[in-house]
Amino acid sequence: MYDFFHNTNLGIVILTFAEALALLVPLLIGVAYLTYAERKVLAAIQLRKGPNVVGPFGLLQPFADALKMLMKETVIPSGANRLLFLLAPMLTFMLAMLAWAVIPVNEGWAIADINVGILYLFAISSLGVYGIIIAGWASNSKYAFLGAMRSAAQMVSYEVSMGFVLVTVMLCVGSLNLTDVVLAQRTVWFCIPLFPMFVVFFISTLAETNRAPFDIPEGESEIVAGFFVEYSAMSFALFFLGEYANMILMSGMTTILFLGGWLAPFGVEPFTWIPGPIWFILKVCLCLFGFLWVRATFPRYRYDQLMRLGWKVFLPLSLLWLVLTAGALMAFGWLPNA
Amino acid sequence: MITQILFYLFAAVLLISAATVVSARNPVHSVLFLILAFFNAAALFLIAGAEFLAMTLVIVYVGAVAVLFLFVVMMLDVDFAELRSGFQRYAPIGATVGAILFVELALVLGGWKLAPAASGSLASPMPPGMSNTEALGRLLYTDYVFLFQAAGLVLLVAMIGAIVLTLRDRRTSRHQVIRNQVDRKPADTIEVLSVGLGTGIRELGIYRPKVVEEETVATADAHGDGGHGAGGHGHGH
């Protein structure tokens, strides 16, 4: 049996499919309940109740919403480019799923434990902008196009500082493999020595996922709903799910790069009794709560403020910290693999 | 076997999409096919075992350069019928360039096949037992670090040149001082008054908008905001 699954082509294909399913099904349920959690958390912060009608505590609300979306009619505007219009939400959703192939939930639990895991994640997350640009252009609508342009500029700008943060982490690890990144944090999680980079990275992930306070591509008070103003029913739902899956993905990246992945805090007794994947999920939930908390607390950034923050604050700061880190590693002989 | 099938699959899609880039009528479709071509090239790199180059191709070309292409093509209203009219005039030049490139490629690849000893004279062959990320890094940042820095400087000069060419005079545009906006306190802009029942604020001697001579009296405490005026500063609280 082991031989069949690991040494024959058919077996490897079946095993990979099974692994992908085992990851994607919990992920999609997670996405569904993230929408629920968002409404509950926002409600609690704003002294409301939130969804509480469908099922106990409103727990079935996400499924009711999904069913509603499925039943609705997909409206395609007459001036739209039909093929690209339908391709864009699928692309967004697929890219959000695709990146999970390299995320290690526990030691050796990544579907593809590749050598260049960090670069793969960076590559996939930099492609996310296409779904938005294509949607904005294919809709043939002013608001959608304005949203797409804002989004393209925003995501490209924040990728730069995110790249420098990744380089800083790579320097401290000496490898591009995500499992190595987590194992390098056995003594201390990177969020402590690289704290400024942690903050920069978290804020950049907010911008990269178009979340509040950087949700100007949607900006419903200015450009209606930005790039997905023309979308309805399932095509809208795919954008929605893609955005939330991206939030979980970015939280997973933050967890792996800065919060020690599946490692228990301090690596001491009572914490190590809890298995690694649970720690991973808990840390991802903590980051996600940060996303929701920020959304409930801060007003939307103005467009020029956003660009200023990305290029004039984060870029020099991350560049400076990169040089400092490299210098410290060199001066104290802490370079890995040296 | 599977490697061969994958190679021919990616190579075929690459060639077809490359041909479509040139022949597509809609320029946006052209750029999208260009992206598809980049992707398949990255997949070919992966098959050849050059995973670092594959990822860099996707990050740099697909993630950044092609986004800008797409941006420009979507924003500019290019008349492609007019561009297409010159097709026959430029076809010979294009064909010549293409032919030269093809011959050169054939020479390079043919050299590989015809003279296998040529690969022995490589200046820096792939060291055994080292991932290609590490090998490339060692080559770029250790062996040829000064050339690498020089290349970076050339790019920096090009970037500064572009900025100098497009920089406009700041005095003609209304400049924002972010620090003043951030420093603004509610006390600078909001005044809480207790207005008696039935009396309008006008009777208390308060006019909205404030009249000029009142402004000069009140500037002592609200000077920090003086230069901005009321419009255009939506610094939310």
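This is a predicted model: local features need pLDDT of at least 70, side-chain atom pairs count only at pLDDT 80 or more; totals for chains, interfaces and linings use all residues.
Biologist: Let's start with Glu243(A). Why is Glu243(A) called buried?

Modeller: Buried means under 20% relative accessible area. Glu243(A) has 13%, so it counts as buried.

Biologist: Where does Glu243(A) lie, and which residues does it touch?

Modeller: Glu243(A) is part of helix α10 of chain A, residues 233-258. Leaving out residues up to four places away in sequence, Glu243(A) touches Thr209(A), Asn210(A), Arg211(A) and Glu218(A).

Biologist: Is Cys287(A) buried or exposed?

Modeller: Buried, because its relative accessible area is 7% and the cut-off is under 20%.

Biologist: On to empty space. How do you find it at all?

Modeller: You roll a probe the size of a water molecule over the atoms, and that shows where empty space is left.

Biologist: What makes a space a cavity, and how many cavities are there?

Modeller: In a cavity a 1.4 Å probe fits but cannot get out. The count is 4 cavities of 30 Å³ or more. The largest cavity holds about 200 Å³ of space. It is lined by 19 residues, and closest to its centre are Thr92(A), Ile132(A), Met155(A), Glu208(A) and Asn246(A).

Biologist: Which helix gives the largest share of that cavity's lining?

Modeller: That's α10(A), with 6 residues. Helices α4, α5 and α10 of chain A each supply at least two residues of the lining. By class, the largest cavity's lining has 10 nonpolar, 7 polar and 2 charged residues.

Biologist: What about the second largest pocket: which residues lie nearest its centre?

Modeller: Leu95(A), Leu98(A), Tyr120(A), Ile124(A) and Phe39(B), out of 47 lining residues. About 1,700 Å³ of space lies in this pocket. A pocket, unlike a cavity, is an open set of points.

Biologist: Which helices supply at least two residues each to the second largest pocket?

Modeller: From chain A, α2, α4 and α5, and from chain B, α1, α2 and α3. The most comes from α2(B), with 11 residues. By class, the pocket's lining has 42 nonpolar, 4 polar and 1 charged residues.

Biologist: How many residues does each chain bring to the contact between the chains?

Modeller: Chain B brings 28 and chain A 26. Together they bury about 2,300 Å², with 76% of it on carbon and sulfur atoms. On the chain B side, Met55(B), Ile59(B) and Met74(B) lose the most area to chain A, together 24% of what that side buries.

Biologist: Last one: what secondary structure does chain B have?

Modeller: Chain B has 10 helices and 0 strands. Of its 237 residues, 18% count as buried. In α6 of chain B, the buried residues are Asn132(B), Thr133(B) and Ala135(B), and the buried residues of α6(B) pack against α3 of chain B.

Note on methods: Residues are numbered from 1 along each chain as its sequence is written. Chains are lettered from A and ligands numbered from 1 in the order in which they are written. Side-chain values use heavy atoms; hydrogens and water are left out. On a 1 Å grid over the protein atoms alone, a cavity is a set of points where a 1.4 Å probe fits but cannot get out, and a pocket is an open set with protein on both sides within 12 Å along at least five of seven lines; lining residues have an atom within 4 Å of a point. Grid points are joined across faces, edges and corners, and a volume is the space filled by probe spheres set on the points. Helices (H or I, at least four residues) and strands (E, at least two) are DSSP runs, numbered from the N terminus. Ala, Val, Leu, Ile, Met, Phe, Trp, Tyr, Cys and Pro count as nonpolar, Asp, Glu, Lys and Arg as charged, and the others, Gly among them, as polar. Buried means under 20% relative accessible area, exposed over 50%, partly exposed in between (1.4 Å probe, protein chains only). Contact means heavy atoms within 4.5 Å. Buried area is the accessible area (1.4 Å probe) that two parts lose on being put together, summed over both.
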